Amino acid sequence: MNPSQRPNIIFIVADDLGYADLGCYGGRAPVSPVLDSLAAQGLRFTQGYSNSPVCSPTRFAMITARYQYRLRGAAEEPINSKSRGSTTLGLPTDHPTLPSLLQASGYNTALIGKWHLGYPPVFGPLRSGYDEFFGPMSGGVDYFTHCDSRGTHDLWFGEEEHRQDGYLTDLLSDRAVDWVGRMAPDAAQGKPFFLSLHYTAPHWPWETRDDEALAQEVKDNLFHLHGGNIHTYRRMIHHMDEGIGRVMAALRQHGLADNTLVVFTSDNGGERFSDSWPLVGGKMDLTEGGIRVPWIAHWPAAIAPGRVSDQHCLTMDWSATMLDAAGVAAHPDYPLDGVSLLPVLRDSAPAFERPMFWRMNHRGQRAARQGDWKYLRVDGHDYLFNIPADERERANHASRQPERLAELRAAWEAWNESMPPIPEDATVSLGYGAKDMPQR
């Protein structure tokens, strides 16, 4: 591939966004005109999944293009702020990553937004392939104070704490627009860029641009269990959508939009105010609402507008796709589990069979999706669902089709044997339960 033709890449990740929150996925309120437009001008996937139903495990898969279960830090569900200072709970700096492989091939790289893969001085974005970093290291921070759930300030520029007034979603958008502008001359000369734009929106606490007064109210419990509503939540999504519009405008201003692959998704399914219809469940669940997420790809040079695909795919497949689009091979000692979707993007191949597997320490969950069928275990109960016929996973075929159930369960067991076991000291961190709000 001619290096001058390699695409710029922007990987935009929302945090805890529900499957049906966006208009283009059936959303009930007009919160996402920019993302809806990107979908209309590009490719929208209806069967795209996250590698995990919770933050940091998905991010391990996203950055390595491998099943997260291969790394100790990803066994945490999720990494929490108590791990600050840990030398084991993070992304090993010697592990090849999507940004490090692109960086080595000549890309300028940056992470603007959430990291959530371990803390300096042992771990960090600059140690794993990013030239620049601006954002929080932990899982959740207040949008105005930029403090984590322990009250520790957590906004960084590189490996230095960075104090800056402003609403975090807007600060991330501002920095992304600035970075695209600074990288544009290199991109015009054939040195492309890779930008990870990982918003914290619409993750708790439930704060819009106008809610700075709430920062003091929620500082002792960022889960914000006494507040929030669907209206605030939708405005948080809209703030993010506006920022993405500004990034797209910057690409057009610098003549880069045509050959920039922009991919949008969420790290996992929705939280308490999200819309996942018709799916059941959400964050921390291996039911569809916890792992099926929006997937939008926009790349005018390669993707025809107005397309919809039912190709099955996982977060790590997108990382593999980006490497493929850049003409970059995996490190031979770290073969990818992700599968490139480049032929699907170019519409040069039909949808292909893509078996997918998950496991969670939380509630002993396991899941496998092969073709139309999904095997699910929760709390020791095994289920079998035909997903196209029953996306809400209400009609259990386990007793009617025991042979199919056994076949899928055996496939899951064989896959699980190929992964390290869940460590005994792995933790599950739940922010709330039935005592805080009625369960589904």
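**Entry 1. Helix 4 and helix 6**

I began with two helices and found that the axes of helix 4 (residues 168-188) and helix 6 (residues 230-253) come within 9 Å and cross at roughly 10°. Helix 4 is therefore roughly parallel to helix 6. I took angles under 35 degrees as roughly parallel, over 145 as roughly antiparallel, 65 to 115 as roughly perpendicular and the rest as oblique. The axes are lines fitted to C-alpha atoms, for helices over the stretch in contact, with angles from 0 to 180 degrees between N-to-C directions. Helices (H or I, at least four residues) and strands (E, at least two) are DSSP runs, numbered from the N terminus.

I note that the model is predicted, that local features need pLDDT of at least 70, that side-chain atom pairs count only at pLDDT 80 or more, and that totals for chains, interfaces and linings use all residues. Residues are numbered from 1 along each chain as its sequence is written, and side-chain values use heavy atoms, with hydrogens and water left out.

I then listed the contacts (heavy atoms within 4.5 Å). On helix 4 the residues are Thr169, Asp170, Ser173, Asp174, Ala176, Val177 and Val180; on helix 6 they are His239, Met240, Gly243, Arg246, Val247, Ala250 and Leu251. Seven residues of this contact are nonpolar, four are polar and three are charged. In this division Ala, Val, Leu, Ile, Met, Phe, Trp, Tyr, Cys and Pro count as nonpolar, Asp, Glu, Lys and Arg as charged, and the others, Gly among them, as polar. I recalled that an α-helix has 3.6 residues a turn, so residues three or four places apart point the same way.

I looked up histidine 226 in the loop between helix 5 (214-218) and helix 6. Histidine 226 is exposed, at 56% relative accessibility. I used these classes: buried under 20% relative accessible area, exposed over 50%, partly exposed in between (1.4 Å probe, protein chains only). Leaving aside residues up to four places away in sequence, histidine 226 touches Glu217 and Val218. Its side chain makes a polar contact with the side chain of glutamate 217 at 2.6 Å. A polar contact is a pair of N or O atoms within 3.5 Å; within protein, one must be able to donate a hydrogen and the other to accept it, and residues adjacent in sequence count only if both atoms are side-chain atoms. I also recorded a separation of 42 Å between the C-alpha atoms of histidine 226 and serine 100, which are 126 residues apart along the chain.

Histidine 254 sits in the loop between helix 6 and strand 8 (260-266). I found histidine 254 partly exposed, at 34%. Beyond residues up to four places away in sequence, histidine 254 touches Gly181 and Ala184. From histidine 254 to glutamate 413 I noted 50 Å, C-alpha to C-alpha, for 159 residues in sequence.

**Entry 2. Glutamine 311 and helix 8**

I located glutamine 311 in the loop between strand 10 (307-309) and helix 8 (315-325). Glutamine 311 is buried, with a relative accessible area of 1%. Its side chain reaches the backbone nitrogen of phenylalanine 352 at 2.7 Å. Not counting residues up to four places away in sequence, glutamine 311 touches Phe45, Gln47, Leu341, Val344, Pro350, Ala351, Phe352 and Arg354.

Helix 8 is mostly covered, with 10 of its 11 residues buried; among them are Met316, Trp318, Met322 and Leu323. After helix 8 comes glycine 327, with a positive phi near 70°.

**Entry 3. Backbone exceptions**

Most residues other than glycine have a negative phi, and most peptide bonds are trans. I therefore checked for exceptions. Aspartate 16 has a positive phi of about 70°; aspartate 16 lies in the loop between strand 1 (8-14) and helix 1 (33-41) and is buried at 1% relative accessibility. Methionine 284 has a positive phi of about 80°; methionine 284 is in the loop between strand 8 and helix 7 and is buried at 9%.

I found a cis peptide bond from proline 120 to proline 121, with omega near 10°. Proline 121 is in the loop between strand 3 (108-113) and strand 4 (132-135). The peptide bond from tryptophan 277 to proline 278 is also cis, with omega near 5°, and proline 278 is in the loop between strand 8 and helix 7 (288-291).
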